[in-house]
Amino acid sequence: MVLVFGGAYQGKLEYVIQNYKIREIEIFYCDNCKEIDFSRKVIYGLEKLILNILKDLKDEADPIEYISKNLDKMMDKIIICTDISCGIVPTDPLLRQWREAVGRCMALLSQRAERVIRVFCGIGTVLK
Amino acid sequence: MLRIFISGGCKNGKSYFAQKLARGQSEGRMYYLATMRPCDNEDYERIQRHRKERHGWGFITIEQPVDILQCLNICDTNASFLLDSTTALLANEMFPASNVVNLNAPKKIAEDLTSLCKQINNIVIVSDYIYSDAILYEDLTEAYRKGLAFIDRKLAAICDVVLEVAFGSIVIHKGREVFMPFYEKIL
C-alpha cells in the first residue's frame, strides 16, 4: 500500500499518475461515493468518501470502521488523501467529525502502508 | 544566483527569512516588489509597519500590486529581487473591484511570473500554504485557493530551490545541492 497525502490542489494525483504509470481507467474517484470500488488500483480523494459516509446520518455508518474492515483489500492500492489537519477547529460539528475521522484513517493507513509520500507544490517527499 | 520559491503557513517568519535570502544573494541593488494594495487605514498602517521593518535592509521598494512584469521597465534585471507575495498579487488581479471576478487571473499570473523568472535569475518569491484546513469554502474562495496552488506548482517547477518555512526551520523540497552552499555562507 502506498499512501499519498498533501494539502488541496498540490498535484497529488498528477504525481501518482507520473510516478506509477497509472492509466485513467485505474483510478477510482471517491467524489460522491460511500463505498470504494476495490477493482481499481488508485483510490483518489479518500477524504471525500469519509465525508460522504459521515453525512449519511441514517445508517450511523462509521468511516473508521469501514476502512479498518476493508484494510486487507487496500494493501495493493495507492491511496490519495487530502491533508485537512492544519486549520483551526471547525465550528460545524460535521466538519469537526470529518477532520477527526480523516486523521484517524490516515494514521491507520500510514501504519500499514509500505510507503508514505507527502506532496508539496507538486514535489513528493517519501516519509516512510 | 538562484530563483527561490518559499511557502509555508501564515505568520511563521517566511517574509523575514525571504529578506535574508534576498540580501544574501545581492551583489548590489535589491528590489522589494510590494504587492499589497491598500484598501483602508488598517492596510496603510500595515504597509507603513512593513516599510519600517525593512528600513535599513537596503531594499528599493517597487509598488507592483498588479501586472508584475511592469517592474522590468524600471528595474535592473541583474539585481536581487524579492516578491512578497503571490497571495496578494492573485487577490488583486482576481478581485479587481467589488463584484468583479477575473477567473483567468491564475493562468495570467503564472505566465507573468514564468516570464519574470526567465528574465531575472536572482529572485525570492513568497507564497502562503493555505491548503490543509477542514473547511468547505464557497465556490469563489475555492477558486482562489485552487488558483494560488496552480501558481505555486508552476513556480515550484521552474525555480531552482523550493523551501517550506516552518517557524524558522526549513524543509528543502528542491535544490538542496545548490541551496546549502549559499545558505551556509549567509548564516
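## Inter-chain salt bridge

Arg118(A) forms a salt bridge with Glu164(B), with the closest N and O atoms 2.9 Å apart. A salt bridge here is a side-chain nitrogen of Lys or Arg within 4 Å of a carboxyl oxygen of Asp or Glu. By this rule one salt bridge is found across the interface of chain A and chain B, and the count over all chains comes to 19.

## Basis of the description

This is a predicted model, in which local features need pLDDT of at least 70 and side-chain atom pairs count only at pLDDT 80 or more, whereas totals for chains, interfaces and linings use all residues. Residues are numbered from 1 along each chain as its sequence is written, chains are lettered from A and ligands numbered from 1 in the order in which they are written, and side-chain values use heavy atoms, with hydrogens and water left out.

## Interface between chain A and chain B

The size of an interface is often given as the accessible area lost when the parts come together. Chain A and chain B bury about 1800 Å² between them, and 65% of this lies on carbon and sulfur atoms; buried area is the accessible area (1.4 Å probe) that two parts lose on being put together, summed over both. On the side of chain A, the residues that lose the most area to chain B are Tyr9(A), Phe120(A) and Cys121(A), which together account for 40% of what that side buries. The contact takes 23 residues from chain A and 21 residues from chain B, where contact means heavy atoms within 4.5 Å.

Between the two chains, nine residue pairs are in polar contact, both residues being at pLDDT 80 or more. A polar contact is a pair of N or O atoms within 3.5 Å; within protein, one must be able to donate a hydrogen and the other to accept it, and residues adjacent in sequence count only if both atoms are side-chain atoms. Helix 4 (93–112), strand 5 (115–120) and strand 6 (123–126) of chain A each supply at least two residues of the side of chain A that touches chain B. Helices (H or I, at least four residues) and strands (E, at least two) are DSSP runs, numbered from the N terminus. The residues of this side of chain A comprise 12 nonpolar, eight polar and three charged; Ala, Val, Leu, Ile, Met, Phe, Trp, Tyr, Cys and Pro count as nonpolar, Asp, Glu, Lys and Arg as charged, and the others, Gly among them, as polar.

## Strand 5 of chain A and its partners

In strand 5 of chain A, five of the six residues are buried. Buried means under 20% relative accessible area, exposed over 50%, and partly exposed in between (1.4 Å probe, protein chains only). Strand 5 of chain A pairs with strand 1 (residues 2–6) of chain A in the parallel sense over four bridges, and Arg118(A) is the bridge partner of Phe5(A). Two strands pair if DSSP finds at least two bridges between them.

Strand 5 and strand 6 of chain A run antiparallel and are joined by four bridges, with Val119(A) opposite Gly124(A). These two strands form a hairpin with two residues between them, and Cys121(A) in the turn has a positive phi of about 50 degrees.

## Salt bridges within the chains

Side chains of opposite charge can pair when their charged atoms come close. In chain A, Lys77(A) and Asp76(A) meet in a salt bridge (3.4 Å, N to O). Lys77(A) is buried at 6% relative accessibility, whereas Asp76(A) is partly exposed at 48%.

In chain B, Asp67(B) forms a salt bridge with Lys108(B), the closest N and O atoms being 2.5 Å apart. This pair links distant parts of the chain, 41 residues apart: Asp67(B) is in the loop between strand 3 and strand 4 (80–84), and Lys108(B) is in helix 4 (residues 105–119) of chain B. Asp67(B), Glu93(B), Lys108(B) and Asp112(B) are linked in a network of salt bridges. A further salt bridge joins Asp133(B) and Arg145(B) (3.4 Å, N to O). Asp133(B) lies in the loop between strand 5 (123–126) and helix 5 (139–158) of chain B and Arg145(B) in helix 5, so the pair ties together parts that are 12 residues apart in sequence.

## Surroundings of Trp57(B)

Trp57(B) lies in the loop between helix 2 (41–54) and strand 3 (60–63) of chain B and is buried, with a relative accessible area of 14%. Not counting residues up to four places away in sequence, Trp57(B) touches Tyr16(B), Gln19(B), Lys20(B), Arg23(B) and Met30(B). The side chain of Trp57(B) reaches the backbone oxygen of Glu53(B) at 3.4 Å.
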